[in-house]
Amino acid sequence: MTYPGSHSYTFATERLLARPLRPDDADVIFALKSDPQVLFWTALIQTSTPVKEFSEAEAWVEERLGSDIYLSFCLQELSGSQHDGVTNGKKPHVIGICGATHLPEVGYMFRPSAWGKGYATEALQGFIEFYWETFPQGHPSISDADERTYLKAVTGPPEEAPQSAASIRVLKKCGFEYWKEQKEDDSVHPGVVVMLPVWRLWGPNQQANLRLGGSEPPDIDG
């Protein structure tokens, strides 16, 4: 089967290896998206909808591999053996996922065992560097020229989801700035609409343009 959203890109940080999401990664997604602890930290965000059956995790993977608007990576801790390509026949342990959840929107999710180690900031910064080095003009699947000039992220509202503060700190460390709010269907309470903060990071070309006195692209969603 051909997957439009599959790719062969990899990138590495000091402690992490990011490799492409694959069809056989449904077990990883099921472990993440069925864990109440993980979902607590993504509360109120649309993509945090929990999965209850393994088939739902398989469908999640197929959806992301079925379109090039996604650019998904699985994250593994680097060790000496992994640097050397030695796995002893075992599938390397995946501690989380990161990448573009819907270009140009980015996000990440980690197993509880990987929390508190600074991996979220490291992975997101690594993805940002990879993305602009690989796609200096923005990803070709993004049809709108203005949207190719930035990456964005959505968090839960801090006043309703205090756990979002950690994600906001990660985004700020990686250079994101508050942009605006957008309406989303509440994944926890069906039929309820919430306003979620949106954060934006300009790409290097647009940052250079702004430094030279250029204007920001118009907000087409405003």
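These legends describe close-up views of a predicted model.

**Figure 1. Overview of the protein chain.** The predicted model holds seven helices and eight strands. The chain has 222 residues, and buried residues make up 46% of them. The exposed surface comes to about 11400 Å². Carbon and sulfur atoms supply 52% of that area.

**Figure 2. Helix α1 against helix α3.** Helix α1 covers residues 26–33, and helix α3 covers residues 54–65. Their axes lie 8 Å apart and form an angle of about 115°. An angle of 65 to 115 degrees counts as roughly perpendicular, so α1 is roughly perpendicular to α3. The crossing of these two helices is right-handed. From α1, the contact draws on A26, D27, I29, F30 and K33. From α3, the partners are F54, A57, E58, W60 and V61. By class, seven residues in this contact are nonpolar, three are charged and none is polar.

**Figure 3. Helix α5 against helix α6.** Helix α5 spans residues 119–134, and helix α6 spans residues 164–173. The two axes come within 9 Å and cross at roughly 40°. That angle makes α5 oblique to α6. The crossing is right-handed. On the α5 side, A120, T121, L124 and Q125 take part. They meet V170, L171 and K173 of α6. The contact has four nonpolar residues, two polar ones and one charged one.

Figure 4. L124 belongs to helix α5. Its relative accessible area is 4%. Buried means under 20%, so L124 is buried. Beyond residues up to four places away in sequence, L124 touches V106, Y108, V170, L171, C174 and F176. Two of these partners, V170 and L171, are α6 residues in the contact between α5 and α6. Y108 is 16 residues away along the chain, and its C-alpha atom lies 7.5 Å from that of L124.

**Figure 5. S164 in helix α6.** S164 is placed in helix α6, the helix of residues 164–173. With a relative accessibility of 3%, S164 counts as buried. Once residues up to four places away in sequence are set aside, S164 touches T155, G156 and P157.

**Figure 6. Q182 in strand β7.** Strand β7 runs over residues 177–185 and includes Q182. The relative accessible area of Q182 is 15%, and the residue is buried. Neighbours within four places in sequence are left out of the contacts shown here. The remaining partners of Q182 are K152, V154, V194, M195, L196 and V198.

Figure 7. S67 sits in the loop between α3 and β3, the latter formed by residues 71–77. Apart from neighbours within four places in sequence, S67 is in contact with P4 and G5. S6 is 61 residues from S67 along the chain. The C-alpha atoms of S67 and S6 are separated by 8.2 Å.

Terms used
Residues are numbered from 1 along each chain as its sequence is written. This is a predicted model: local features need pLDDT of at least 70, side-chain atom pairs count only at pLDDT 80 or more; totals for chains, interfaces and linings use all residues. Side-chain values use heavy atoms; hydrogens and water are left out. Helices (H or I, at least four residues) and strands (E, at least two) are DSSP runs, numbered from the N terminus. Buried means under 20% relative accessible area, exposed over 50%, partly exposed in between (1.4 Å probe, protein chains only). Accessible areas come from the Shrake-Rupley method with a 1.4 Å probe; for residues, only the protein chains shown count as cover. Axes are lines fitted to C-alpha atoms, for helices over the stretch in contact, and angles run from 0 to 180 degrees between N-to-C directions. Angles under 35 degrees count as roughly parallel, over 145 as roughly antiparallel, 65 to 115 as roughly perpendicular and the rest as oblique. A crossing is left-handed if the near helix is turned anticlockwise from the far one by less than a right angle, and right-handed if clockwise. Contact means heavy atoms within 4.5 Å. Ala, Val, Leu, Ile, Met, Phe, Trp, Tyr, Cys and Pro count as nonpolar, Asp, Glu, Lys and Arg as charged, and the others, Gly among them, as polar.
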